[in-house]
Amino acid sequence: MKKLTALLFTVLIVWGCTGNGPSGPDPDDFDREAILVNWADNIIVPAFTHFSETTDQLHTSAQEFASNPTEQNLVKLRTSWENAYLAFQHVSMFEMGEAMQLRFRDNLNIYPSDTSNINENITEGGYNLELPSQNSSQGFPALDYLLNGLGENDAEILASYTTDSNAENYRVYLTDLTERADNLANQVLENWTNGYRDEFVSNSGNGANSSLDMMVNDYIYYYEKHLRAGKVGIPAGVFSGSPLSSHVEAYYSEGLSKALFNEALTASINFFNGTHFDAEVNGQSLDDYLDYLNTMKDGADLTMLINDQFQTAQSRAENLDPDFAAQVETDNSLMLSTYDELQRNVVNMKVDMLQALSINVDYVDADGD
Amino acid sequence: MRLTKILLLPLLTLAFISCDNNETAKIEAPSTYEFTRNGESSVSFTGQTTRIQMASELTSAMMDFDNTTEELLLEMYRNETAEGGDADPFQNEDLNEATKNIKGKVAASTDYFSSNTQLSAEIKNEFEGWLSAQVQDVFPNENTQAAPGQPGQIADGSSARYVNGKGFEYNQLVGKSLIGALMADQMLNNYLSTAVLDAGTNREDNSNGTLADGANYTDMEHKWDEAYGYLFGNADNPANPAIGEGNGFLNTYLGRVDADEDFAGIGQETFDAFILGRAAIEAGAYDIRDEQAQIIRENISTVIAVRAVYYLQSGKNALDQATPDYGAAFHDLSEAYGFLYSLKFSRVPNSDSPYLGMQEIDEMLAQLEAGQGLWDVEPSTLDEISETIAAQFEFTVSQAAN
């Protein structure tokens, strides 16, 4: 009953503010398909194309290293891993279609990785990487452990692949992981290029099952859970009370965590503005949709508010240590204030933007048990 | 004639209210569950704390694929060996020392089962069936992808759930069903029952301040405390517990329901009813005691029902989409199964019956298990069961679902 009363009041107030009821631009009149076309052709498919190129290179480098485990090849392999991990930040948010079926993100980027299970897989073999219980033993975090976490320095790490009694198993596990990552990338890309693109673009209505509603939900979910919480909030201890440096993305690497975060934030900003992948061209996206509807919040333009807030978060993060693990251990308050700036855009997008676009949130916080 | 009756009713109500108020006013209820006699606490519910902790270890052990055996689980449930000898199945040494066990108090309330021992035995054994099946059917398939008819693991978000061939998690069936079969049954149908509170010379002893042998409490006080212990006995500070703290049993879900604004306050109201009822026993005000028991019966039954509907609806939403999220749905519906099972032990205030008949509940459970089980359950079936439950309570499906 309270809810109903509150709702009635809200309706009355909103009605009062707009003065004469729903007479402004109608979301239904907007050309949603233009956004979907821009997302698919200029952002999603190019990003997956690029990603699959980097996973292909990653697998090639891993095979080269496996057949010739030298320090030089280790360094090369690390570079390939970094490139693919950075490229992944541009596709991680698109967990729909084949990616959703495959549980793409969970197979490629659950961190912290389960190092005891990884070690068990290596010593015992016989693992099935398609099982959900192997999620945290593969993908980029597991590769991070294999390339950066097996020793204090390169000589120690190399020893696992050369002189260790399980050296052969280490090399096999490494290439099994890179092969699987490459296969997952190719499967999703092929799905997009062989039919799913057209399905996605033509499903341009509104309603819970329309492409736009689903994509926007996936986008905000990604921003809230994986970018804001996963990369910043959880390591900063926002949900646990005290900082958890071991929960930083790319924990074993030397300072890749900040670069991954920046890449992910850039990808999020580009998506909101419809910026083409790898080109400074702005196509149709959520910013245009909000502008079309003249969306205001507290007397200010919502598109501008969101973009300004993205800039604030970006500049707040500039001062962070390249290694977030070091950051939360030395000065966590800066990490927390970055989180706060990211959180402000959760509100702008999840509440104000979705309300303006008449999109319902299709996910709830898990029960936790 | 009729008119007179109708007019009389409010008058009578008023009269009752004023009586109540006067009587209540005489009783000083403390703000926490602390009662003393001769300067020492008169509160005791160690047996309940022990059983909650045993249940907690039992459900954890069900997921310890590397170390758990069927024998171990059954010993934890019975706290004795298959031959009836002393067993030490628990990690916590205090639990091994204890002479208590879970099984003896499952479906064992005076009101529901004292002359219904056949049903009691069936229910006790059903839990053993789930424990055995976890080890026999699910453990061997730890590294198999679950499919219809095939036990194994299935993804729920980033974690893996382990299910039987029909999609049920046995650990959820055991854990959530114990909330009703052990905790609510003992609380609502045993210790809060006048048959137990007033058994033998309890009233006379309580009124005269005659203490139980070697104890600092009267028998009646102790019975009331034991009811309290099944709800708050495992809290960090049981005398002043946080609503919702705990490890997945009754207080956890009292907290979950309390956090839903449609049910806000139900936690404090239940806590207050326990305190006032205990204070009323000290004051010899047995009517007030019994009124509090009815409040607790209604609230605890409501908590179980709300969670059953909540999980049925969460499971339905996970299934009812273009790409069904089977893993999430199976987890929700396994919990729903347990809460639905627990409703058998609910209690309508001022009555002798649960909110839904045991047979009716068994039929609904059978609907979930039919065919391929959760792999092919229809969303409409989940809605129907939800509506059937809610219709017996003062809440709607949508109030419970959010």
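This report covers the interface, salt bridges and selected helices of a predicted model.

## Basis of the model

The model is predicted: local features need pLDDT of at least 70, side-chain atom pairs count only at pLDDT 80 or more, and totals for chains, interfaces and linings use all residues. Residues are numbered from 1 along each chain as its sequence is written, chains are lettered from A and ligands numbered from 1 in the order in which they are written, and side-chain values use heavy atoms, with hydrogens and water left out.

## The interface between chains A and B

On the chain B side, 22 residues are in contact with 13 residues of chain A. Contact means heavy atoms within 4.5 Å. The two chains bury about 1400 Å² between them. Buried area here is the accessible area (1.4 Å probe) that two parts lose on being put together, summed over both. Carbon and sulfur atoms carry 44% of that area.

Strand E3 (152-156), strand E4 (159-163), helix H11 (250-259), H13 and H14 of chain B each supply at least two residues to the side that touches chain A. Helices (H or I, at least four residues) and strands (E, at least two) are DSSP runs, numbered from the N terminus. Between chain B and chain A there are 0 salt bridges. A salt bridge is a side-chain nitrogen of Lys or Arg within 4 Å of a carboxyl oxygen of Asp or Glu. Polar contact joins 2 residue pairs across the interface, both at pLDDT 80 or more. A polar contact is a pair of N or O atoms within 3.5 Å; within protein, one must be able to donate a hydrogen and the other to accept it, and residues adjacent in sequence count only if both atoms are side-chain atoms.

## Salt bridges in chain B

The whole structure holds 28 salt bridges over all chains. One of them pairs B:Arg37 with B:Glu221, at 2.8 Å from N to O. This pair links distant parts of the chain. B:Arg37 sits in strand E1 (residues 36-37) and B:Glu221 in helix H10 (residues 219-232), 184 residues apart. Both residues are buried. Buried means under 20% relative accessible area, exposed over 50%, partly exposed in between (1.4 Å probe, protein chains only).

B:Glu221 also forms a salt bridge with B:Arg278, the closest N and O atoms being 3.9 Å apart. Here helix H12 (residues 266-283), which holds B:Arg278, is linked to H10 of chain B, and the two residues are 57 apart. B:Arg278 counts as buried because its relative accessibility is 0%. B:Glu221 is likewise at 0% relative accessibility. A network of salt bridges links B:Arg37, B:Glu221, B:Asp225, B:Arg278 and B:Glu282.

Another salt bridge joins B:Glu128 and B:Arg78, with the closest N and O atoms 2.8 Å apart. B:Glu128 lies in helix H6 (residues 117-138) and B:Arg78 in helix H3 (residues 70-78), so the pair ties together parts that are 50 residues apart in sequence. Both B:Glu128 and B:Arg78 are buried.

H15(B) has 12 residues. From first C-alpha to last it reaches 16 Å, close to the 16 Å expected at 1.5 Å a residue. The expected span of a helix is 1.5 Å times one less than its number of residues. The buried residues are B:Met358, B:Ile361, B:Met364, B:Leu365 and B:Leu368. They fall within an arc of 120 degrees seen down the axis, so they line one face of H15(B). The arc is that of the directions from the helix axis to the C-beta atoms. Their cover includes helix H5 (110-113), H6, H14 and H16 of chain B. Just after H15(B), B:Gly371 takes a positive phi of about 60 degrees.

H16(B) (residues 379-391) has 13 residues and reaches 18 Å, close to the 18 Å expected. Its buried residues are B:Pro379, B:Thr381, B:Leu382, B:Ile385, B:Ser386, B:Ile389 and B:Ala390. An arc of only 165 degrees puts them on the same side of H16(B). They pack against helix H13 (286-319), helix H14 (326-342), helix H15 (358-369) and helix H17 (397-401) of chain B.

A:Asn307 is found in helix H13 of chain A. Its relative accessibility is 18%, so A:Asn307 counts as buried. Leaving aside neighbours within four places in sequence, A:Asn307 is in contact with A:Ile269, A:Phe272 and A:Asn273.

A:Asp308 also has its place in helix H13 (residues 302-318) of chain A. At 44% relative accessibility, A:Asp308 counts as partly exposed. The C-alpha atoms of A:Asp308 and A:Tyr223 are separated by 16 Å, and the residues are 85 apart along the chain.
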